[in-house]
Amino acid sequence: MFSTLKPLPTDPILGLMAAFKQDTNPNKIDLGVGVYKDEQGNTTVLRAVKKAEAFRLENETTKTYIGLAGNLDFCQKMEHQLLGEHPALLANRVRTAQAPGGTGALRVAAEFIKRCNTDATVWVTTPTWANHISLFEAAGLTVKEYPYYDYENKNLRFDDMIATLKTVPKGDIVLLHACCHNPSGMDLNAEQWQVVAELAKEVGFTPLIDIAYQGFGSGLDVDAAGLRLLAATVEELIICSSCSKNFGLYRERVGACTVIAKDAAQADVSNSVMLSVVRSIYSMPPAHGADIVATILGSTELTQEWHQELDEMRGRINEYRGLIKTRLAQAGVAQDFSFIERQHGMFSFLGINKAQIERLRDEYAIYMVGSSRVNIAGINHNNIDYFVKAMVEVLK
Ligand code: LMR
């Protein structure tokens, strides 16, 4: 049976991790996969996480099954982190299931959408995270795209986006990145979120929010402002969140799928369907990572420490957004890279061509995704000179 299989190419993002690891060039720079790196180029365990883990080691009392929705304390705290003191929460319209990472949450959402409407199409931004399309298609959903990033002007194609969203059939799903758009770093502003929210209500599509970088753009609340606005405008909403980046819990696989329904009764029905989906795909989520998040968010001291660490990570990324722009201009690069400073989160497209991307990898051991998406956090004071020099060479 296996002989019928054909080999598939490696994942365009995760494949880079392996290639980078094997590269023996001492100057190599990893601007590929979206993991935060500090000034030393390390992805360390956050201090607040270490403390919560020590607490857990001492205080964990059982390894029995956790239940379909996972850690309920975690779920409740995530709802507050996402929504703040939102009317939807006060009206008991929100239900959450812990999921194995943001990807697990998206898969739960995809199966949930299928149970709501087998013919639903999911509309995603052009471009979007490389895994979005295959993930929804793997769940049997149709995927279509709507215009989002203007590669030429390094901006949003907002008018085109709205024109396409006006044509979306009622009952379809529109995926929106809450903040730190992956891969472009280009986010909607407050007025644009308002326009999208009103359109969702008028046209009748259901927004599905992917929030994988809360706190990496402008701060925990600002980064969730668009989704909170949507939740205040439409009756039904799905949110897929991740704790991989903001808590640095990547390999622990912590995320959540949150459903907001029109009333408490509908929320209960939705929850029962969401939990049935969970049971049929992975039965229940792992405990460790969600316990860590719940412990941090349940302690004023640890929350403060985590906020500080999150501010440090965001601050460093934003500092390097400015530095990359300035240093490239100072080195005499004619191309304008000022857009990097206007964008948010870990990623931006450099906007360079395939041959230049390949030269950076083959001659300089600088790795980025084939679309020219770079992880800004991969740059630090030790490698910025080398990066700028290499850019000058390939842009000549
Ligand atoms: C990324 O976009 O690099 C991250 O979200 C990691 C992944 O799983 O692709």
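Domain bounds here come from an automatic or database domain assignment. On that basis the chain is divided into domain 1 (10–45 + 304–395) and domain 2 (65–298). Taken over C-alpha atoms, the centres of domain 1 and domain 2 are 27 Å apart. The model is a predicted one, in which local features need pLDDT of at least 70 and side-chain atom pairs count only at pLDDT 80 or more, while totals for chains, interfaces and linings use all residues. Residue numbers start from 1 along each chain as its sequence is written.

The two domains touch. Contact means that the C-beta atoms of two residues, placed from the backbone, lie within 7 Å. Domain 1 puts 23 residues into the contact and domain 2 puts in 22 residues. Elements are named from DSSP runs numbered from the N terminus, with helices being H or I runs of at least four residues and strands being E runs of at least two. On the side of domain 1 that touches domain 2, the elements giving two or more residues are α13 (300–330) and β11 (347–349). Of the elements on that side, α13 gives the most, with 5 residues. For residue classes, Ala, Val, Leu, Ile, Met, Phe, Trp, Tyr, Cys and Pro count as nonpolar, Asp, Glu, Lys and Arg as charged, and the others, Gly among them, as polar. By that scheme, the side of domain 1 that touches domain 2 has 14 nonpolar, 7 polar and 2 charged residues.

Next comes the chain as a whole. It has 16 helices and 13 strands. The radius of gyration is 21 Å, close to the 21 Å that the globule rule gives for 396 residues, so the chain is as compact as a globular protein of that length. Here the radius is taken over C-alpha atoms, and the rule is 2.2 Å times the number of residues to the power 0.38. Along the principal axes, the C-alpha atoms fill a box of roughly 65 × 55 × 55 Å. Among contacts with a separation of 6 or more, 75% are between residues 24 or more positions apart.

Burial is counted from C-beta atoms placed from the backbone: a residue is buried if 20 or more others lie within 10 Å of its own, exposed if 12 or fewer, and partly exposed in between. Of the 396 residues, 45% count as buried. Helix α13 also contains Q330. This residue, Q330, counts as exposed because it has 9 C-beta neighbours inside 10 Å. Q330 and V388 are 58 residues apart in sequence, and their C-alpha atoms are 9.6 Å apart in space.

The ligand is surrounded by I13, V33, G34, W129, N131 and N182, where a residue is near a molecule if its C-beta atom, placed from the backbone, lies within 6 Å of it. The shell draws at least three residues from each of domain 1 and domain 2. By class it holds 3 nonpolar and 3 polar residues and no charged ones.

One of the shell residues, N182, is joined to P183 by a cis peptide bond with omega about 25°. P183 is in the loop between β7 (173–177) and α8 (190–203). Another cis peptide bond runs from T126 to P127, with omega near 0°, and P127 is in the loop between β3 (121–126) and α6 (130–138).

Strand β10 (255–260) is mostly covered, with 6 of its 6 residues buried. G255, C257 and V259 point one way from the strand, A256, T258 and I260 point the other way, and all are buried. Strands pair if DSSP finds at least two bridges between them. β10 pairs with β2 in the antiparallel sense over 6 bridges, and V94 has I260 as its bridge partner in β10. β9 and β10 also run antiparallel and are joined by 6 bridges, with L237 opposite I260.

Two residues in loops beside these strands have positive phi. R253 lies in the loop between β9 (237–242) and β10, and its phi is near 55°, a positive value in a residue other than glycine. With 20 other C-beta atoms within 10 Å, R253 is buried. N92 is in the loop between α4 (87–90) and β2 (94–99), with phi near 60°. N92 counts as partly exposed because it has 13 C-beta neighbours inside 10 Å.
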